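Open the model in your viewer and keep the selection tool ready. The tour goes stop by stop.

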Amino acid sequence: MNSDSTTPAIAVTMGDGAGIGPEVTVGALLDETTATRCRPVVIGDAARLRRAASVLGADAEVVAVDSVDDAVFAPGRINVVDLGLLPADLPWGAVSPVAGDAAYHYIRVASELAMSGAVQGICTAPLNKEALHAAGHVFPGHTELLAHLTGTEEVSMMLATPAMKVIHVTTHIGLIDAVAAIEPGIVERTVRRGDRTLRDSGVREPRIGVCGINPHAGENGLFGHGEEERKVVPALERLRAEGVDAQGPLPADTAFFLATRGEYDLIVAMYHDQGHGPVKVLGIETGVNITVGLPVIRTSVDHGTAFDIAGTGKASADSMIEAIRQAANLCAAR
């Protein structure tokens, strides 16, 4: 286990305790590669993590600590800032306002630790939006919640897989609302955030492909009502004039293929399903969600709470391991 203080401290939130979050958290923190990259401290519930370890048949020592500074790193040990918000009899695989409220507070504490400098990054296990809302915390998801907690006006969701990276202009809003929300300013800001993130991670000259909104990117006015010309093209003209390699508008049905072939380092999707669909087909088990534009580094798994298999020990920790790896790499680059 890496106790070197020069490696980044990462706050790992446990997610919704009724889902697979505790299991993938335990699995990821017991992984030998995680131990060499960072100093992870869970923000969650120690008793639930012990139950998860039992479900997995894992030999883990789950130890409650008062602060990140109190954490001791050794093989098989999992340090947790124990908020103690979950009842012992919380069932697996069911929506619970109690679990939703606890998940909110794990994120709140993690963001406070990151903003204060006690940790260098945050990595989150999945929460359940229905449970979050039932607890009175009405946010579309982690991305918007973290923006609120850190006082950030606008952020972007980036999905990263071994095959490609995708950043979204709009995310958790309906399709009609998304088309209405797209305008040159938000397209330009999204591309800039993506370009900056890639440069910070070591890509010297990012090649960015920007999707259109309509089928075939409008095909010269054949589809839609000129949305590409009004909403996307002006942003790309400004970006290219400043040296940003942003190509498009591209037909979305070929843009992702070109990215997997290595022609683009990043694809800009205009709305949620345009970007999420290809990413999840190509690599949901190793996909990572990166929130771009926050004052702190945050990564997450690219899957949900999987209530259907929660508490069975079947959940794969691969995405959580990769999310922690990317959080550590981003921390080191920053």
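Select alanine 47 and aspartate 45 together. The backbone nitrogen of alanine 47 is 3.1 Å from a polar atom of the aspartate 45 side chain. This is a predicted model. Aspartate 45 belongs to the loop between strand 2 (39-44) and helix 3 (46-56).

Stay on aspartate 45 and look for a charge partner. Aspartate 45 is buried but has no salt bridge. The nearest side chain of opposite charge is that of arginine 50, 6.8 Å away. Now show the surroundings. Beyond neighbours within four places in sequence, aspartate 45 contacts Met14, Val80, Asp82, Gly84, Leu85, Leu86 and Tyr106.

Next, select arginine 48 and tryptophan 92. The charged end of arginine 48 sits over the tryptophan 92 ring, 3.8 Å from the ring centre.

Move to helix 6, residues 142-150. Colour His142, Thr143, Leu145, Leu146, Ala147 and Thr150: these residues are buried. Their cover includes helix 4 (97-116), strand 5 (121-124), strand 6 (156-160), strand 11 (288-292) and strand 12 (297-301). Then step just past helix 6 to glycine 151, where phi is positive, about 70 degrees.

Last stop: glutamate 263, in the loop between helix 10 (252-260) and strand 10 (266-269). Is glutamate 263 buried or partly exposed? Its relative accessible area is 33%, so glutamate 263 counts as partly exposed. Its side chain makes a polar contact with the side chain of arginine 261, at 2.3 Å. Leaving out residues up to four places away in sequence, glutamate 263 touches Arg207 and Leu258.

Definitions and conventions:
Residues are numbered from 1 along each chain as its sequence is written. This is a predicted model: local features need pLDDT of at least 70, side-chain atom pairs count only at pLDDT 80 or more; totals for chains, interfaces and linings use all residues. Side-chain values use heavy atoms; hydrogens and water are left out. Helices (H or I, at least four residues) and strands (E, at least two) are DSSP runs, numbered from the N terminus. Buried means under 20% relative accessible area, exposed over 50%, partly exposed in between (1.4 Å probe, protein chains only). Lys and Arg count as positive and Asp and Glu as negative; His and the chain ends are not counted. A salt bridge is a side-chain nitrogen of Lys or Arg within 4 Å of a carboxyl oxygen of Asp or Glu. A polar contact is a pair of N or O atoms within 3.5 Å; within protein, one must be able to donate a hydrogen and the other to accept it, and residues adjacent in sequence count only if both atoms are side-chain atoms. Contact means heavy atoms within 4.5 Å. A charge sits over a ring if NZ of Lys or CZ of Arg is within 6 Å of the ring centre and within 35 degrees of the ring normal.
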